[in-house]
Amino acid sequence: MGESSINFAKASSAALQDQQLRGNFRRAMDGLMSKRAVQFADTAEWNGVRTLGASVRLRALSKLPELLEKLEANCTKNGIQVHWASTTDEANAIVLSIMQRVNAKLVVKGKSMVSEEMHLNAFLEKHGIESLESDLGEYIVQLDEAMPSHIIMPAIHMNTKQIAHLFKQKIKEAEYTEDVAQLTDLARRVLRKKFATADVGISGVNMAVAETGTLCLVENEGNGRMSTTVPPVHIAVMGLEKVVEKLEDVPPVISLLTRSATAQPITTYVNMISSPRKEGEKDGPNEIHLVILDNGRSGIYADEELRNTLRCIRCGACMNHCPVYTKVGGHAYQAPYPGPIGSILMPQVEGLEKRGELPHACTMCNACVEICPVKIPIVEIMGRLRSEAVHPGDAVRGAGSHASKAEAMVWKGWSMTYASPLAYQFATALLAKLGNAAPTSLPLLKEWTNVRAKPRFANRTLHALAREKGIPDV
């Protein structure tokens, strides 16, 4: 494990000591889980739409190369310029070249997890371009110079008082207030000026429809629509897995996405973008560019089991129900994608040598699998990545980087012992003698003898205890 590896254990331990953080998450997650349960109260309907959503995603992945080519062809026919990027560096360079061509100095961004993956804001700032997040949650964490803590609600780790102090500190002439409406209005006034003067708008893509060359974006605040229609140039960035085959595939996925993410039957805005501004139209950009990012996804796609990672529709439900994430929060993962989905995606995208700890950030309780609207077998993939981390191979980048010779020798000895009845009998007899003779003052043995359960015979049966408590004997 190299120096660049992420220390999740250290970060999560620190998060567990932050009582304010844990309180913020507990209140937020309880609300999200209960509201989502109301949206899917009809079990038969949930199972039906979930199966449909999973089939849409599986069908798209089964035809992914073909659909991507079809998407490019139809987007190009519609006037959308398509760019391909193998890495985040290439994607950043493409975005920068478009901005430099139009002499852009200010960009407003709608919510986009791929742009977080690209670390686009920091990249543009290095080249003298101001990049402003227009989603309220993203705007808050940008002011705080932090990463999003959740893929749907970036500032979920903060409460109203913390946000009020942040606005007072970072926004010029802002007065301290804990009134949510006033805080929102303050952010709106700042952002409106930027929308009107921005040279370029950037957005993510929730789904790209191959059949029609349409980019679908869902949102609640209107910032996505402003970012994609007001500036003269719109750049959309997406991972190559976001394509769906047909326009009719969009409604079931949206139904699952909005109800799973924010417990809404539908979001306030559903944007379907198929072309730049046409002659006679009063709004819309003059140019639309679609940047399709690989960044390890084609490698994930090549493995039939790991390919299921790419089903994800970025609803965040797995995070809301994960006993690990809800205790430590998103920042402990130190990754654009935290929680269960991040624990399987990031090791494959960035390599196990850097992200090999994340597959262990899991209790294997299966809550994420039960709640996933497109039935991603997250726990199975988690187990696969744990195995890949200690066994050299070429299926996952960095495979074998967490291998330990000592551990390998122990498991080899265990395997040989259990493969031979004589070796097993000898080993157990030897351990019994050594265990009784070993001094319990040794640190490991002392701890074991202090905490292990000490069984004893019961002095009466369960039936006798039941009769004493007045419980009828069945």
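In this tour, contact means heavy atoms within 4.5 Å. The model is predicted, and its local features need pLDDT of at least 70, side-chain atom pairs count only at pLDDT 80 or more, and totals for chains, interfaces and linings use all residues. Residues are numbered from 1 along each chain as its sequence is written, and side-chain values use heavy atoms, with hydrogens and water left out.

Select residues 200-203 to begin, which form strand β4. Strands (E, at least two residues) and helices (H or I, at least four) are DSSP runs numbered from the N terminus. Val200 and Ile202 on one side of β4, and Gly201 and Ser203 on the other, are all buried; buried denotes under 20% relative accessible area, with a 1.4 Å probe and protein chains only. In a regular strand, side chains alternate between the two faces of the sheet.

Two strands pair if DSSP finds at least two bridges between them. Val108 is the residue opposite Gly201.

Then display residues 233-239, strand β7, which pairs with β4 in the parallel sense over four bridges. Here His234 stands opposite Gly201.

Proceed to His289, in strand β10 (residues 287-293). Which residues does His289 touch, not counting residues up to four places away in sequence? They are Gln81, His83, Ile98, Arg101, Val233, His234, Ile235 and Ala236. His289 has a relative accessible area of 1% and is therefore buried.

Conventions
Buried means under 20% relative accessible area, exposed over 50%, partly exposed in between (1.4 Å probe, protein chains only).
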